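Morning, everyone. Have a look at the model.

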Amino acid sequence: MDPTLTQIGTQMSKLTGVRAIMKDIIETLRAGQGQDWINLSAGNPVILPEVEQLWRDCTAQLLASSDYGEVICRYGSSQGYQPLIDAIAKDFNQRYGLSLSDRHILITPGSQSIYFYAANVFGGYTSSGQLKQVVLPLSPEYTGYGGVSLTPEAVYAYKPTLEINHEQHRFKYRPDFSQLKISQETGCVIVSRPCNPTGNVITDEEVIKIAEIATPFNVPVLIDAAYAPPFPALNFTEMTPVFRDNIIHCLSLSKAGLPGERVGVAIGNPKLISILESFQTNLCIHSSRYGQAIAAKAIASGALPEIATNVIRPHYQKKFVTLELTLDKSMPKDLPWFLHRGEGAIFAWLWLQDLPITDWELYQKLKQVGVIVVPGSTFFPGLREDWSHQQQCIRISLTATEEEIEIAMQRLATLVEEVYRIGSG
Ligand SMILES: Cc1ncc(COP(=O)(O)O)c(C=O)c1O
């Protein structure tokens with residue numbers, strides 16, 4: 001059967017970004033069964049025993065409670081399971097001195113869906129035919145944003161400025177406010193903080209500045225806090241969630257150990273929240289209530305924020321330290337390699353300036369020495385400019401063991417040295 005697809009059908013049945021690479025990775029792993037791959041491509045969080053136990057305990061409590069039937073045997077409100085909404089409002093009000101009511105909160109099936117709703121509610125063509133852009137102020141960005149708009153030409157990303165420390169072989173991306181344009185033509189802004197793939201955390205001041213530029217145009221700014229405090233608290237540098245009238249602050253329970261249950265949270269102005277809620281009702285009615293119910297218990301008891309800070313964050317932070325120490329020891333000092341400052345998330349981002357081959361070729365060569373990373377060029381959704389930097393980066397996941405990371409970085413260093421030497425003749 002070969003049905004005719006609509007424009008949207010053609011577009012949405014294609015895989016974008018990392019999902020497309022994952023196909024190659026899965027095939028590589030399958031073809032090389034028995035081979036000892038070090039897989040540094042994964043975005044799936046590690047199953048940490050304390051985290052798994054927390055979800056087990058919350059599930060046991062749910063099973064024993066009189067609420068059980070009400071939770072899973074019945075539909076609920078589109079806005080979300082009330083005890084979860086209440087737990088989040090209480091936690092955030094206490095923690096950040098806010099006055100959120102339940103009308104400020106929407107629970108979604110994973111946070112990816114919030115970006116889908118927003119990209120199509122605020123971005124795309126208005127009824128008068130004007131194209132409203134979905135602006136990504138800082139490229140590279142989460143590849144998932146590349147597939148969320150039903151009007152792909154709406155997604156528009158900006159090149160950052162680079163702050164480079166040549167001696168330390170470190171660098172950091174910063175929003176380029178001299179280029180960033182938020183105007184009448186902007187539908188919404190999305191930025192991940194901490195960032196997947198780079199581990200960058202844009203400062204509180206930079207978030208405020210973006211929100212302020214967007215304010216006169218009534219443009220919502222979505223801050224993707226999938227790695228942010230209070231859970232999963234995957235920030236290795238100080239950061240404070242910023243709340244403003246036009247900010248939709250988006251949480252995810254995925255990196256806090258619950259990716260399979262698909263729980264995301266949008267926090268913002270009730271008017272914006274109610275628009276997103278209607279979209280959700282039309283699309284899927286509501287998120288799974290089992291996931292919401294165990295999340296409510298873990299947040300209300302304070303256990304989740306505590307485990308996030310004391311278990312989840314140190315787990316990945318230690319891996320990043322191993323990775324950077326190994327690179328500092330093994331990478332040739334005279335080559336222009338730069339590791340992005342490790343400020344959060346579960347990835348490291350390496351830039352190999354003037355790399356004589358493409359990131360894709362480097363990915364293939366790394367496979368030959370048993371190491372799988374993700375080529376960086378997949379992480380520039382919406383960037384229209386030609387920028388050689390896009391082919392000079394790789395994303396390295398911190399989900400492997402410390403030993404694996406050490407071995408893989410040594411292999412990478414040897415390979416990179418060879419590539420530059422051969423490349424330069
Ligand atoms: C930055 C970022 N935002 C959103 C998501 C989607 O997360 P969720 O599982 O909440 O849909 C991910 C997943 O990896 C991510 O890295």
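Helix 9 covers residues 289–300, twelve residues in total. From first C-alpha to last, helix 9 reaches 16 Å, close to the 16 Å expected at 1.5 Å a residue. Keep in mind that this is a predicted model.

Now, how many of the residues of helix 9 are buried? Ten of the twelve, so helix 9 is largely enclosed by the rest of the structure. Buried here means 20 or more other C-beta atoms within 10 Å of the residue's own. Among the buried residues are Arg289, Gln292 and Lys297, along with Ala295 and Ala296. What covers them? The cover includes helix 3 (49–64), helix 4 (68–72) and helix 5 (82–96), plus strand 2 (105–108) and helix 10 (303–330). After helix 9 comes Gly302, with a positive phi near 85°.

Six strands make an open sheet with mixed pairing, and the order is 6-7-12-13-16-15. Strand 6 and strand 15 (374–375) are the edges, each pairing on one side only.

Start at strand 6. Strand 6 (residues 161–165) runs antiparallel to strand 7 (residues 170–174), with five bridges. Asn165 sits opposite Arg170 of strand 7. Four residues lie between these strands in the hairpin, and His169 has a positive phi near 60°.

Further along, strand 13 (residues 347–352) and strand 16 (residues 393–397) are antiparallel too, joined by five bridges. There, Trp351 has Cys393 of strand 16 as its bridge partner.

Last, the annotation. An unreviewed UniProt entry places "domain: Aminotransferase class I/classII large" at residues 36–412. Over residues 36–412, the chain is 35% helix and 18% strand. The end C-alpha atoms are 16 Å apart.

Terms used:
Residues numbered from 1 in each chain as written. Predicted model: local features only at pLDDT ≥ 70, side-chain atom pairs only at ≥ 80, totals over all residues. UniProt positions renumbered as here; feature names shortened; annotations may be inferred. Helix = DSSP H or I, 4+ residues; strand = E, 2+ residues; numbered from the N terminus. Pairing = 2+ DSSP bridges. Expected span 1.5 Å × (residues − 1). Contact = placed C-beta atoms within 7 Å.
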